[in-house]
Structure formats: structure tokens, C-alpha cells
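Colleague: I am new to this structure and would like a close look at one part of it. Please take a single chain and describe how it is built.

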Amino acid sequence: MNVHHFLRLLSLQFQGLVENLVASLRALINNLLHLLRAWFSWLLRLLRGRWREERYEHVDCLEIPPDINRRPDPCLYSQTFLAAQGIAVTWNNPDIRLTTLAGIPAPTHEIEADTEYFVIGTIHNASFDAAIGVSVRCAVRPWGIDFSQRTPVEVDAAGNPAQRILHIGPWGEALATFRWRTPNVERGHYCLTVECAHPADREPNNNVGQENTDVRRSSVATPQLFTVPFFNRRERFREFFIRADEYQIPDKRVELELEQITGVRNTDVGRRNELLATYGRFEAEWTGREEEILKRVVERDALRGARIRLAPKGRRGRGYRVFGYRGRTALIADNRINGFPLTEGWAVTIPGLTEHPAGWHAVIPPGTTQDIQVIVDVPADATPGTTKAINLTATDQLGGVVGGVTIYVEVEA
Amino acid sequence: VERSFPQFTRCAAPGSAYSMSETGGWLGLTLLSIIFGGAAGGVWAFVSYIITQAVSWGCVAGIGLLALAISGVHGFKYWYYNERLMCIDKDQCVVGTMTGEATVSTDGDRKFDVLVAPFPTEEVQVYFAELIQANPAEFGPGPVNFSDVIALQNYIESMSEASRVRLYIRVVRERLFNQPGRDYQERFLVRDLAQMGAAAFNASDDDTLAAPDPNPMFRIAPADSLAPYMHNELEGNRVERWLDNVLVGLWTFLVSYTALCAVCEFVTGGADWFCGWVAAALSAVLAFLAWLISHLVNDPDDGVAGQTDVDIDDPAYDGDKSTIVPGDVLALSGDWIMDTEHGQYFELHPIKAIYLVCQSEGNPNQWEVIHDLSNYPRQERCPFPVEEISQDDWQRICAEIMDEGERAPVEVERSLSTHDALSVAAGIR
């Protein structure tokens with residue numbers, strides 16, 4: 001027997017006597033109050049017909065509780081994801097760069113044949129949790145819209161697509177660099193694709209970014225003809241809509257603020273009404289179950305964006321609060337998808353296609369490529385020396401973006 | 001504020017942490033409780049005599065017994081949650097492959113084991129086969145077919161415990177960690193004075209082959225897997241809840257019993273054993289009710305780790321939980337301790353964060369890999385296999401996890417360029 005431990009435990013018994021008594025009495029009172037509250041909750045559930053609901057979910061396998069689980073979101077500027085959020089896009093991807101081996105930036109629309117370049121992809125992590133072991137690959141496709149053919153820009157010793165593994169801190173970014181020898185084709189024009197992946201990815205929809213641009217110099221009042229190949233990768237006829245805008249990523253700061261994400265009970269009335277009006281008004285009116293719809297839209301709102309669980313310092317046990325960065329609404333408002341029509345005088349026409357409110361309507365047979373002839377009218381009053389960016393973005397019948405190109409017209413003096 | 005994780009225990013410094021068996025086990029605790037109970041009974045006898053000039057020996061015995069029980073339960077609880085675990089180092093980072101199914105222990109903790117990187121389980125199996133074949137005099141002839149993993153596991157399982165432990169120690173020391181550049185997590189399986197510090201090193205068992213009965217840091221379960229594994233626990237508090245409920249009942253018993261004894265002695269003038277029995281009968285009913293209420297409200301089974309508490313206002317829980325299964329490669333952070341009571345297990349306890357690095361074939365969360373990426377989301381099951389994790393990778397992973405992921409303060413406000421904000425738009429609400 002260890003006398004030291006015995007004496008220490010003995011002294012603790014007497015030292016802690018009053019504390020133990022107080023703690024037990026406090027536990028008794030707390031438990032009584034807790035019981036009253038539990039009975040009251042049970043009564044409410046009974047009245048609402050939900051008395052069978054259990055307070056805890058018992059699970060057999062090892063489900064990691066949310067305060068222990070870490071989920072990253074490796075991502076890059078992803079046109080398909082952004083367009084699905086109602087955000088205008090450019091196909092001049094800010095996260096994909098091409099440089100010479102000496103590190104000099106090279107334009108992706110004007111590359112030398114049979115020459116080595118670096119393709120540099122910037123991968124971000126849109127999460128409070130570190131992204132460990134993110135794989136990144138880079139592929140090149142024919143210039144145009146929706147081509148399924150993908151050729152890795154670099155292969156490893158075994159002939160497989162080269163892969164870079166990145167570890168990215170919370171809200172951090174890292175570079176993946178690939179070495180690309182361009183095909184021995186004069187005036188080759190390509191679309192570059194950078195893709196990332198992670199097994200615990202919180203949002204896999206923002207893992208692919210494309211760089212797809214062309215540049216033309218033009219005098220004022222001179223129509224410019226661009227040929228944009230459009231491939232239908234499916235085994236059926238498909239209808240597409242091609243719309244043009246002049247969106248460019250604004251040179252502006254976006255301010256994010258950490259906010260607590262509350263549940264249905266703690267969401268204030270103003271916010272509840274706002275969410276209901278935005279996301280659930282029709283459903284609530286249709287079904288008449290406003291409370292249920294409200295709960296759903298509040299929960300859906302809470303699931304938007306990355307989250308972090310924080311607790312007072314030194315606290316033991318459970319009981320945390322959930323926080324996230326607010327700012328998406330302002331981001332969408334500043335970059336909304338229909339907010340950047342061509343300025344007066346500039347016009348895009350696509351002969352052979354009919355214009356529709358959703359864009360120029362194209363029907364492409366399965367597995368074929370159709371060369372879309374795009375005429376850009378440069379106005380007579382265009383300012384010489386300026387450059388106009390025109391994004392041609394193609395969507396399918398459901399509104400999903402299938403691809404696009406960004407055309408730069410440099411107005412000559 | 002800081003990152004949230006459930007924690008109910010505190011580890012004690014080497015020298016302060018101890019096993020119950022070390023102090024004489026239940027004997028020591030019982031002796032302490034008897035001293036405390038005797039003191040409480042004596043105080044009551046003295047007070048009772050002063051007030052009524054008589055003593056009800058039934059009340060004295062009852063109060064003494066209740067104080068004895070309370071003392072015992074309190075002593076046990078204090079030790080279990082504050083002095084059972086020996087601190088080695090806080091906030092450690094371990095990367096490895098989950099081996100064996102996770103289990104729930106009696107105290108509500110969820111346990112799972114990992115084989116430290118960069119060793120896949122298949123590689124470890126080869127080392128066992130090689131070592132047995134090279135040392136038939138020490139470990140016997142081995143199974144008929146060494147490439148049959150089940151036969152190899154059965155053979156090792158059938159060895160004597162002493163031989164089995166020697167075999168594992170030799171595999172760990174002579175095959176796993178004798179490889180330059182692959183021994184970066186050796187300290188979690190092999191005691192190291194420099195890494196553990198002298199106090200922790202001296203307070204733990206010898207794990208070398210020189211010891212007559214070596215107690216390795218790693219654990220073994222050849223029937224499940226040949227991997228020498230490191231133990232990890234998500235912390236729950238089922239025992240704490242259970243003990244709290246018992247204490248509520250006992251304190252109710254003691255308080256009501258003392259009050260009833262006082263009334264009875266005042267009325268009867270101290271009727272020998274009568275007051276004790278009457279007070280006991282009435283107080284037992286109250287104590288049972290108090291315990292029952294406490295048990296209903298403070299259900300011990302709610303203290304099992306890894307359950308999602310769907311009653312609290314956490315609407316975000318739904319999208320943030322996931323399942324891990326054997327074969328998944330994980331990066332973990334947690335406190336490195338030695339459980340003095342659990343055969344001197346070395347473990348991460350509590351686990352504070354789990355990062356999935358590579359998903360096994362059997363994980364139900366796995367996604368279909370679609371190679372055509374322009375329209376479809378993409379996840380990859382295992383882009384970064386465990387055998388490819390180098391020392392440099394491990395250091396970078398741990399730096400990201402510990403320095404950036406778990407310790408860096410969360411910025412209340414952030415200012416981003418629009419380009420960056422669009423790239424991370426999915427993370428913004």
C-alpha cells in the first residue's frame with residue numbers, strides 16, 4: 001500500500017466534506033429543476049403528437065460527434081458551383097495560372113507549340129478545419145464548351161495522371177504546380193482544368209475550375225467573328241442556352257463577420273420571417289404547416305457555409321455554440337448572375353440560333369461538336385486602348401452551367 | 001472561447017496519478033471510508049449526547065454507515081476522474097490507420113485503436129511472418145502457410161502470452177522502427193526518456209526485452225489484427241453520471257436520516273436502536289425517490305461518447321458527423337496519457353479532433369468516383385495512402401492540425417479580396 005496516496009486521499013475526504021455536501025445538494029436541486037423541465041417538454045411533445053421522439057440518438061457504429069469531427073472544404077474558383085449560387089462567372093480563372101519555366105506569366109490563349117510551361121493551381125480551404133492530404137490534378141481539354149476529353153498535363157513515372165498532395169490550414173491556400181509540355185501543334189488553343197479532391201470534403205461541388213479564354217484585337221465598329229466549338233457529351237439530343245455578359249471579378253474587399261448560428265428556438269423573429277419569406281413562403285402557404293416549414297428553412301440556413309464549435313475556455317463536458325462567417329448574401333448581391341449585361345453598343349449575335357430570354361438556344365446532336373459562330377459587334381464609340389471581356393456561358397435546360405469561354409476584345413486605336 | 005470537445009477527466013502529474021491496486025485497492029478506500037464514517041458517527045453521538053443527554057446507537061450506526069458510503073463513492077469518483085490518468089504530454093498529434101471495431105466501455109468512453117503511420121497492416125503481417133520464420137527456436141515453426149493471414153493470427157494467438165509479447169516487441173523494435181525515415185512516431189509505441197520526460201518514464205513499466213515481464217506501450221489483439229496498436233478514447237461520462245445519481249440518493253438519505261433521528265431523539269429522549277430503524281425506513285423511501293428522479297433526469301446512458309445530442313440547439317450537427325471504420329487513415333489530436341488502472345495503457349485521451357485522411361473500402365460514407373469532372377462533384381476515397389506519409393508529411397500535417405487547426409484563435413472579422421471570397425464562397429453563410 002502506498003502510504004503517500006493513502007494519506008492524501010484521507011486528507012481530501014475531510015477537506016472536501018463541505019464541498020461534497022454542497023455539490024450533492026446542488027445536484028439534487030438541479031436535477032429536480034431539470035426533471036420539471038423534462039416533464040414539461042414531454043407534455044409539450046405529447047400535446048403536439050411527437051411524444052415518441054427520443055432525446056438522444058443511439059448509434060452502433062463509431063459516428064464521430066460534430067465537436068470532434070473535422071471536415072475540410074478544399075476548393076478553387078469553380079464556375080459551376082458559383083453559377084449554381086446565382087453568381088456571375090468568368091472563364092478567366094483567377095486560381096489557374098500559366099507561367100514559363102522561368103516563372104514569367106504566360107497567356108493561356110497564346111501558347112507556344114511543344115514548349116514547357118508550369119500550370120499553377122491555387123487550392124483554398126473554405127473551412128475552419130485543416131485539409132490534410134488534398135489531391136490535386138490538372139488536365140487540358142480542347143478549347144470550347146463542354147468537351148469531355150481530358151488529357152493530364154503531366155503524368156507520373158507509371159504513366160498515371162500526376163497528382164500533388166497538399167496540406168492546407170483553415171481558410172488557407174496552397175499551390176499545386178504541374179509541368180506541361182504543350183502539343184506540337186501550331187496555334188494550339190486549350191482549356192485548362194484543375195481539380196482537387198478529399199475523402200471528407202464538406203462541399204465536393206466546388207472542386208473543379210476551368211480556364212478558357214481567347215483574345216482578339218479589333219478596330220472600332222468592326223464585327224469580330226469567333227468560332228466556339230460546343231460538344232454534346234451525352235447520348236441524346238440536348239438543348240442549351242448561351243448567354244453573354246461582361247462580368248469581371250471586381251477589385252473590391254469582402255468583409256466577413258463571425259456570427260453565432262442559432263437553432264429554431266433562438267432565432268429572432270425578424271430573421272425567422274426573413275428566412276421564411278425567402279425560402280419557404282410558397283411551401284408554407286401551400287401546406288399550411290408554417291411552423292414545420294420554418295424549422296426546415298432555419299436548419300437549412302444553419303447548414304450553409306463552414307461551421308466551428310466553440311466553448312468557454314476551460315469548460316469540461318458538452319455544451320458548445322456553433323459559429324460561421326456571414327457574408328454570402330452581400331457577395332451574391334455584388335456579383336449576381338444577371339447583373340452584368342453588355343454595355344450599350346456592344347452586342348453578341350449567334351447566327352443560326354434563336355434568341356431566348358435565357359440566352360441563345362442551341363440543340364446539339366449526341367456526341368457531336370457544333371461550331372458556334374459568335375459575332376461580337378464592337379461599337380463605333382468604343383474607347384481605343386481598352387479591353388472588353390465577354391463571357392459566353394452555356395447552361396442546360398435545368399439551368400446548370402455546362403461550360404463557357406471568356407473572350408477579350410482589345411480595341412485598337 | 002476555444003475549440004469545443006467533451007472532456008470529463010483531468011490527468012495527474014507522474015507521481016500523483018495512481019492505480020487503485022497501488023494503494024491496496026478497495027481495501028484502502030474502504031479503510032478511508034471507515035475512518036470517515038466512524039468520525040461522522042462519533043460527531044453525531046457527541047452532539048446527540050450534548051442535546052438530549054442520551055445516545056441512540058441506531059442513529060449513530062446509521063449516520064456512520066451512510067457517511068462511510070458517501071465517503072467511499074466520493075473518493076472513488078475523485079480518483080477516477082482526477083488521479084487515474086497520468087499526464088505525459090498535452091495536445092499530441094498521431095497519424096495512423098484505424099484497426100479493429102470501436103467499442104463502448106463501461107465508463108461511456110468510445111475506444112478505438114490505430115496503427116501508427118506509415119505502416120499499413122499488410123506490411124506488419126509480413127514482418128510477423130518473417131520474424132517467426134527466422135526464429136523457429138524462439139517462436140516455434142509457425143503456421144503451415146505464412147501467407148494465410150488468418151492462420152498466422154491464429155498461430156500468434158495460440159502462443160503463450162510471454163512469447164507473444166516478445167514477438168510483438170521484436171517486430172516493433174527490429175522491423176518497424178529500425179527503418180530510417182519511418183520511425184517518426186516511434187515514441188508512441190516505444191518508451192523514450194527524452195520524449196516522455198524522466199517523471200513519466202520512471203513512472204511507467206519497463207517495455208524492453210531485458211525486463212522479466214515487459215509491458216509494452218502498444219497493445220495487441222492478434223485475434224482481430226496483427227497490428228501493434230495505439231489506444232485512443234473519445235471521452236464519455238457514464239460512470240460520473242451513475243455515481244452522481246448514487247450520491248444524490250445517499251446525501252438525501254443522510255440529511256433526512258439525521259433530521260429524523262434528531263426529532264426522534266428529542267421526542268423519545270434517545271430510544272436506543274428504535275430511532276435508528278424508524279428514521280432508516282422513512283429516509284430510505286426518500287433516498288430511493290431522490291435517486292430515481294436523478295436517474296431519470298441524468299440518465300447514465302446519455303453519457304456515452306459519440307452520441308449526437310439532438311435535443312440541444314445545434315442545427316448544424318447534421319452535416320458535420322461522419323462514421324469511421326477500420327482501415328480509415330486518421331490524423332488525431334488529444335492528450336497523451338497513461339491509464340494507471342487499465343494495465344498501464346498509453347493512449348490519446350480524450351481525443352479532441354479527428355481528421356480523415358484516407359477512407360477505407362468499407363466506409364459507408366464513401367462516394368462514387370466520377371472521372372468526368374466538368375459537371376459532377378468529386379471525392380476521392382484515398383488519394384494519400386498511409387504508406388506514402390513521410391516524416392516531412394507527418395510534421396506538416398501535425399503543424400496544420402495543432403498550430404493552425406486546433407490552437408489558432410478564430411478571427412471575428414475577415415477581409416478578403418472578391419476573388420478569394422468567390423473561391424471560398426461555399427464556406428461563407
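Modeller: What follows is an account of chain B and of one helix in it. This is a predicted model, in which local features need pLDDT of at least 70, side-chain atom pairs count only at pLDDT 80 or more, and totals for chains, interfaces and linings use all residues. Residues are numbered from 1 along each chain as its sequence is written.

Chain B holds 12 helices and 10 strands; helices (H or I, at least four residues) and strands (E, at least two) are DSSP runs, numbered from the N terminus. Its C-alpha trace spans about 90 × 70 × 40 Å along the principal axes. The radius of gyration of chain B is 28 Å, while a compact globule of 429 residues would have one near 22 Å; the value is taken over C-alpha atoms, and the globule rule is 2.2 Å times the number of residues to the power 0.38.

In chain B, 59% of the 429 residues are buried, meaning under 20% relative accessible area with a 1.4 Å probe, protein chains only. Of the chain B contacts (heavy atoms within 4.5 Å) with a separation of 6 or more, 74% are between residues 24 or more positions apart.

Helix α2 of chain B covers residues 57-83. From first C-alpha to last, the 27 residues of α2(B) reach 37 Å, close to the expected 39 Å, which is 1.5 Å times one less than the number of residues. Because 21 of its 27 residues are buried, α2(B) is largely enclosed by the rest of the structure.

Conventions:
Chains are lettered from A and ligands numbered from 1 in the order in which they are written. Side-chain values use heavy atoms; hydrogens and water are left out. Buried means under 20% relative accessible area, exposed over 50%, partly exposed in between (1.4 Å probe, protein chains only).
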